[in-house]
Amino acid sequence: MIFWMFAAVLAMTGLTSCSDDDDFYEKDYNYKSAIVGTWYLASHSSGWGGITDYNVGQIVVTFTKKGEVKVVNNGISPATTSTYTYSFKKIERSIFTGEPATVITFNDSSFYFYINFDNGVLYISAEVYDGDGYALKKMPK
C-alpha cells in the first residue's frame, strides 16, 4: 500500500506536460542542467519488493554534461559499476495520466523513466505500474 502511494506521488509530480516542441526542448535543457553532478543512491524501490535504503557513498551516480552517467557500486547490489548514456525525450502518452511527458532514457532504450526534483532529491521512476524507483541525493562536499 505504501509503495502504491509513493509511486502515485512520483508519477503525479514527475510529469511535465508540453504544449509544443519549443517548450519540450527548453525543459530538456533545464532537466539536463539540474541532473548534471555527482549523486548517491539514497533508496531503491523494486516495485512489489519494498524500499531499500543506502548510505552515502555505497552507490555513486555521476551525470555528465556530455550525456553519460557513471554508476560506481562500492560492493552493494542492485547496481553494477558501469557507464551508460542518457537522453531526454518526449512521449506522447503517459500510462499514468494519458498526457505527453518528458522522460529520461538510458543507452537509447525504449524503456524510460520519469524524473522529478523535490527538496534536493532526484527521483527516477519507471513508467510502469510496479517498476523500479530510485531516490538520489547530491554527494556531500
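**Strand pairing and aromatic contacts**

Lys90 has Thr102 in β6 as its bridge partner. This comes from a predicted model, in which local features need pLDDT of at least 70, side-chain atom pairs count only at pLDDT 80 or more, and totals for chains, interfaces and linings use all residues. Residues are numbered from 1 along each chain as its sequence is written, and side-chain values use heavy atoms, with hydrogens and water left out.

Back to the strands: β5 pairs with strand β6 (residues 101-106) in the antiparallel sense, over six bridges. Strands and helices here are DSSP runs numbered from the N terminus (E, at least two residues, for a strand; H or I, at least four, for a helix), and two strands count as paired if DSSP finds at least two bridges between them. β5 also runs antiparallel to strand β4 (residues 68-73), with four bridges joining the two. On that side, Glu68 has Thr85 in β5 as its bridge partner. As a general point, side chains in a regular strand alternate between the two faces of the sheet.

Now for the rings. Rings of Phe, Tyr and Trp (its six-membered ring) pair if their centres lie within 6.5 Å; planes under 30 degrees apart are called stacked, over 60 edge-to-face, and the rest tilted. By this rule there are five aromatic pairs. One of them is Phe63 with Tyr86, an edge-to-face pair at 5.2 Å centre to centre and 85° between the planes. Phe63 sits in strand β3 (residues 59-63) and Tyr86 in strand β5 (residues 82-91), so this contact ties together parts that are 23 residues apart in sequence. For accessibility, buried means under 20% relative accessible area, exposed over 50%, and partly exposed in between (1.4 Å probe, protein chains only). Phe63 counts as buried, at 2% relative accessibility, and Tyr86 is buried too, at 6%.

Phe111 and Phe113 make another pair: their ring centres are 5.2 Å apart and their planes stand at 90°, so this one is edge-to-face. Phe111 is partly exposed, with a relative accessible area of 40%, whereas Phe113 is buried at 12%. Ring pairs also link Phe63, Tyr86 and Phe88 into a cluster.

Ser33 is partly exposed, with a relative accessible area of 41%. The C-alpha atom of Ser33 is 7.8 Å from that of Lys65, although the two residues are 32 residues apart along the chain.
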